[in-house]
Structure formats: C-alpha cells, structure tokens
Amino acid sequence: MIAPQDSSTTAPGTGFEFRLLGPLEVLRDGVGCPLGSGLTRALLACLLLEPNQVVSMDRLIDMLWEDDPPATARTIVHKSVSQLRKLFGAHRGDNGDGHPEIVTRPPGYLLRVDSDRIDAHRVRSLISKAQGLDAAQRAEMLAEALRMWHGPVLADLDGRLQQLVGTNLDELRMAALEERIAADLELGRHQQLVPELGNLVDQDPMRERLTYLLMLAAYRSGHRAEAQARYHALRQRLSSELGIDPMPEVRTLYERLLRDDETLLSGVRRSTDQEVTPARPVPAELPPGVAGLVGRDRELDALDRMLAEPGNTTRLAVLTGTAGVGKSSVAITWAHRVAESFPDGQLYASLRGFDSERAPLTPGEVLTSMLKALGVASDAIPLDIEDRAALYRSLLAERRVLVLLDNARDSEQVRPLLDALGGLAKELDMAVV
C-alpha cells in the first residue's frame, strides 16, 4: 500500500478534486476537466473507489463488463489508462499540489492520490471524525458531509458499476443524515425537524430509525397524536409486507410515549427506564438440508475428525473442486449433522462467486448481513469495514458458532472475512493449493 499524501499541505479548491457523489467529475483548481469516453470515466471511477490500492486487471474488467467482456478488454483498459495519464500529466504543477498518478502494479493498476480529495472518502472521514464530538460539533460536521452529495451516485454512469457502488454510498448518506438529525434533536431543534422528518419518512416508510426520530421530534413538539400514528403506520406496514414487528428501540419509545415519560422532553432517561438487554439471538441460517447425498463419506468423515480435534481454537475447513461436484451439498449436509455442536448458532452466506445474474457479495455486505443475524440493529452497524470486522470478532468471542461461506469465487473473496475471525487467512493459503 502507498500512503496517501498529506492533505494539509494543499489548500482546498486547488489542484485536483474528484466527485463520485453525483455525476463523475474531475476538477482542476475548481474547473471541470474533460474525461473522454464513458468507459474511461468508468475506469477512473473504479480506481477512485479504491485509492492507493492495487486494483487487478481481472477486477477492472469484471466491474466494467461483468460477464460479457470483449476479446480486446485488456487493450481497451490499457488505452483508457493512457488517456487518464495524459490528462493528469497535462496538468502537472511545479508544486505537486496533490497531483494524482496512475501506477502500474501487478496484477493491475494503482491510483496514487490524496484520498481526502475524493468526495466519497472525505465524507467517510468526516463521519468517522464526528463520532464522539458534542452535539453541536457533530451536527455541523455531518451537515458538511451531506452537502457533498450532488445527486445520485455516479449518475452519469449506467450499469454494473453504479449498481455495485450506489447502494453502499446511498446507505452511507442515510446513516449520516440520521446521525445529523439525532444531533439536532439533542440541541432542542425538534420543531424544525418535524417537517423534514415527515418528508423523509413518507419517502422511505420502512426505515425504522427515521420513524423513531420523527416520533420523538413530534412528541417533543407537542404532537402526541402524530407520534403515535407514525408508530402504528410503521407497525402495520412491517407486519403486512415483512411479517415482523418494529425493532425493540421503536417499541420501547412508543411505550414511553404512552406513559407520557417526561424525560423524553429533555432527552434524559432515568436509570429505572433503561431497557433490559435482550438475550443474544441465536442465528439458524443454514439452507435446507440436501436429500439423497451419496458417495461423500470420506469427505464427511474428514470434517468430523477436524471437529473432534482437541482444543478451543477456531477451525477452518476448505472444500475445493470443479463446478458441479457437490461441494455445497457436502458442506450443507455436514453443517446440519453437527449443528447441535454449535449451540450459539449457525451463520450462512452464499457469496455468489459465479452467479450469472448477480454480482458477487463484497466482504462488507457479508459482514453487514451477519451482524444483523447476530442481533445488531441496522443503524448500529459501523460504516467502516474494519470497524464492522472488529464488532463481528467481538460478538463471536467466547461463542461457539458455525460460519458457512458458500460459493466463493476465490480465496481473495473470503480472506477479509477470515481475517475478521482472527488470523485464519494464513491457514487459507495453506488449504487452497
């Protein structure tokens, strides 16, 4: 990895700046630069999303063309890289001014750039810095982050790349917006927030934390009936469309509204009103067992022997083989056989490594799904993938849980998930030969 340059040496608005949170734009001293073809723009977006990291040629081709790359895909990528190098080289200044550079690093390319000059990465930095600040500072910093959105993410790029990136960055925006509103509520701005929250809930009626914030703002503004009506609307929608109840925080708030808990008006909760910590959920995510599996006794016995080995260390088993030989069937069958040996639950994820219709799951998406299965509320899941991995490690510590990762494309797809379990990635190198 190449460390980002120190952004403190360059004044904002000078040198290159990159915008992903809207149409893709490259600004030089505040003036837009022409980027050429749509493919060149998409390639730049791929490199900007992973600054100062090597992005392999195979990954670039996959992100740009998915399952139907042309025979000349590598040549096209080389030409697009050459065009971008000419763009950056034509504007190179004498003072460095945070100048970006595309470097060839096998097995692909690396964009050396100050990541603080990329709006998506600056937003993440601001959101991270806002945590732990007082309400006024938090609201101001989060508002600054939210002002960086200029429309739908990568609005001028169609297809796979926008689908892969847009969802995560849209979720980042909503999480930052909710945190900013929560900070404004702490500052007593509930009356100004009611109209804003009402519009947001109408646009996204299934987002539970928005309803939670609206209920609280409405109650503090003296609109008790609206606060209760919003709860009932959410409960009815969740029940009819998903068959579930609102999350515990929303139900507890509703109960406190019914009691006219006066501490809701100040945001201070009495110790006697603290929610009782619920029992930890026990996930049971294994898909249905496979009927009629035959001829795999040797593999099943080997898995049994691994499980019977003495010691309490985390164990890793890797099933490899060509497509269609029954790897998933063996893994699922064995997982059901030994499920009782894992009293704290079983987690499952199909990584979609070779799915012809959907993109492979990213490690961040898998961690989010598993954290939810372990009882973490959506709004409590960390934005940064390393923080997600740390929380995942903490939740699995001292617990006996079976984790089944199915349909992996390659070792690189599962390596971050094994690192989250603590050092198993090295064992993966030994197991996959």
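What follows is a run of questions and answers on this predicted model.

Trainee: Let's start with the big picture. How many helices and strands does the protein chain have?

Mentor: Keep in mind that we're looking at a predicted model. There are 433 residues in the protein chain, and 42% of them are buried. Its secondary structure comes to 16 helices and eight strands.

Trainee: Which residue in β2 stands opposite Phe18?

Mentor: β1 and β2 (residues 25-28) run antiparallel, joined by four bridges. Follow the pairing across to β2 and the residue opposite Phe18 is Val26.

Trainee: There's also a sheet with the order β4-β6-β5. Which helix packs on that sheet?

Mentor: This is an open sheet of three strands with antiparallel pairing. β4 (54-56) and β5 are its edge strands, each pairing on one side only, and the twist averages 30 degrees from one strand to the next. The helix touches β4 and β6, and its direction makes about 65 degrees with that of β4; this is α2 (residues 57-65).

Trainee: Within that part, what is the bridge partner of Arg105 in β6?

Mentor: β5 (residues 101-105) and β6 (residues 108-112) run antiparallel, with five bridges joining them. A hairpin of two residues links the two strands. The bridge partner of Arg105 is Gly108.

Trainee: Now β7 and β8: do they run parallel or antiparallel?

Mentor: β7 (residues 346-350) is mostly covered, with four of its five residues buried. Five bridges join this strand to β8 (residues 402-406), and one of the bridge pairs is Leu347 with Val403. The two strands run parallel.

Trainee: Let's do helices. At roughly what angle do the axes of α7 and α8 cross?

Mentor: Residues of α7 (190-203) that meet α8 (208-220) include Leu193, Leu197 and Val201, and on the α8 side Leu210, Leu214 and Ala217 are among them. By class, this contact has 10 nonpolar, three polar and one charged residues. α7 passes α8 in a left-handed crossing. Their axes come within 9 Å and cross at roughly 145 degrees.

Trainee: How many nonpolar residues does the contact of α9 with α10 have?

Mentor: The axes of α9 and α10 come within 10 Å, and the crossing is left-handed. Tyr231 and Leu234 are among the α9 residues here, meeting α10 residues that include Val250, Tyr254 and Leu257. Alongside two polar residues and one charged residue, the nonpolar count is seven.

Trainee: Which helices are included in what covers the buried residues of α10?

Mentor: In α10 (residues 248-258), the buried residues are Val250, Thr252, Leu253, Tyr254, Arg256 and Leu257. Just after this helix, Asp260 takes a positive phi of about 50 degrees. The cover over the buried residues of α10 includes α8 and α9 (224-242).

Trainee: Last one: is Lys372 buried, exposed or partly exposed?

Mentor: Lys372 lies in α13 (residues 363-373). Pro283 is 89 residues away from Lys372 in sequence, yet the two are 9.6 Å apart in space, C-alpha to C-alpha. Buried needs under 20% relative accessible area and exposed needs over 50%. With 45%, Lys372 falls in between, so we call this residue partly exposed.

Key
Residues are numbered from 1 along each chain as its sequence is written. This is a predicted model: local features need pLDDT of at least 70, side-chain atom pairs count only at pLDDT 80 or more; totals for chains, interfaces and linings use all residues. Side-chain values use heavy atoms; hydrogens and water are left out. Buried means under 20% relative accessible area, exposed over 50%, partly exposed in between (1.4 Å probe, protein chains only). Two strands pair if DSSP finds at least two bridges between them. Axes are lines fitted to C-alpha atoms, for helices over the stretch in contact, and angles run from 0 to 180 degrees between N-to-C directions. A crossing is left-handed if the near helix is turned anticlockwise from the far one by less than a right angle, and right-handed if clockwise. Contact means heavy atoms within 4.5 Å. Ala, Val, Leu, Ile, Met, Phe, Trp, Tyr, Cys and Pro count as nonpolar, Asp, Glu, Lys and Arg as charged, and the others, Gly among them, as polar.
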